[in-house]
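Please keep the sequence and the structure in view while reading.

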Amino acid sequence: MGFLVGDISRLIRRTFDKRAKAIGITRPQWRVLTWLQRHEGINQSALADMLELDAMALCRMVDRLQAADMVERRADPADRRAWKLYLTPKGIALTEQLQPIGEQLLQEALHDVPPAEQEKLHHLLERFRANLQSIDDDDSEEKRTANG
């Protein structure tokens, strides 16, 4: 089942990449913009953690997005070393342009799956993710306890 989930993820990413390339954005950039859309005002460190990226890799990506006028950094009033990230109007417009691409791809992937089965699949995947998150959290706690 892990290979199947991995294959599905790879195919979604590859197809999305092809479609988003026409707009001139990469999937990693799209991920950053989408997370910022959902968590505006987050600092770079927290965003790197959420995206499971190295802080420097994210910093370079944010630099490029800022140079393209899609993201802006604002000083964090609570921590003068940190920056909070916000979408610019251009970044917002781009995320609004990318959202239908993802929705269309999902519709195409599920075109012959009845709505009731789609709902059941969604529910099962949510449980699958929750179970894996719980396992990961338990493993992290065990590691902290052993090291600590």
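The chain carries 22 positive and 24 negative side chains, and the centres of the two sets lie 6 Å apart. Here Lys and Arg count as positive and Asp and Glu as negative, while His and the chain ends are not counted; the place of a charge is taken as NZ of Lys, CZ of Arg, CG of Asp or CD of Glu. The model is predicted: local features need pLDDT of at least 70 and side-chain atom pairs count only at pLDDT 80 or more, whereas totals for chains, interfaces and linings use all residues. Residues are numbered from 1 along each chain as its sequence is written, and side-chain values use heavy atoms, with hydrogens and water left out.

**The chain as a whole**

- The chain has six helices and two strands, where helices (H or I, at least four residues) and strands (E, at least two) are DSSP runs numbered from the N terminus.
- From the N terminus on, the order of these elements is α-α-α-α-β-β-α-α.
- Along the principal axes, the C-alpha atoms fill a box of roughly 50 × 50 × 20 Å.
- Of the 148 residues, 23% count as buried, that is, under 20% relative accessible area with a 1.4 Å probe and protein chains only.
- Among contacts (heavy atoms within 4.5 Å) between residues at least 6 apart in sequence, 47% join residues at least 24 apart.

**Helix H3**

- Helix H3 covers residues 44–51, and its buried residues are Gln44, Leu47, Ala48 and Leu51.
- The buried residues of H3 pack against helix H2 (27–38), helix H4 (55–67), strand E1 (71–76) and strand E2 (79–87).
- Just after H3, Glu52 takes a positive phi of about 55°.

**Thr88**

- Thr88 is found in the loop between E2 and helix H5 (89–109).
- Thr88 is buried, with a relative accessible area of 6%.
- A polar atom of the Thr88 side chain lies 2.5 Å from the backbone oxygen of Asp69.
- Leaving aside its neighbours within four places in sequence, Thr88 is in contact with Asp69, Met70, Val71 and Glu72.

Conventions:
Buried < 20%, exposed > 50% of the residue type's maximum accessible area, 1.4 Å probe, protein only. Polar contact = N/O pair within 3.5 Å; in protein donor to acceptor, adjacent residues only side chain to side chain.
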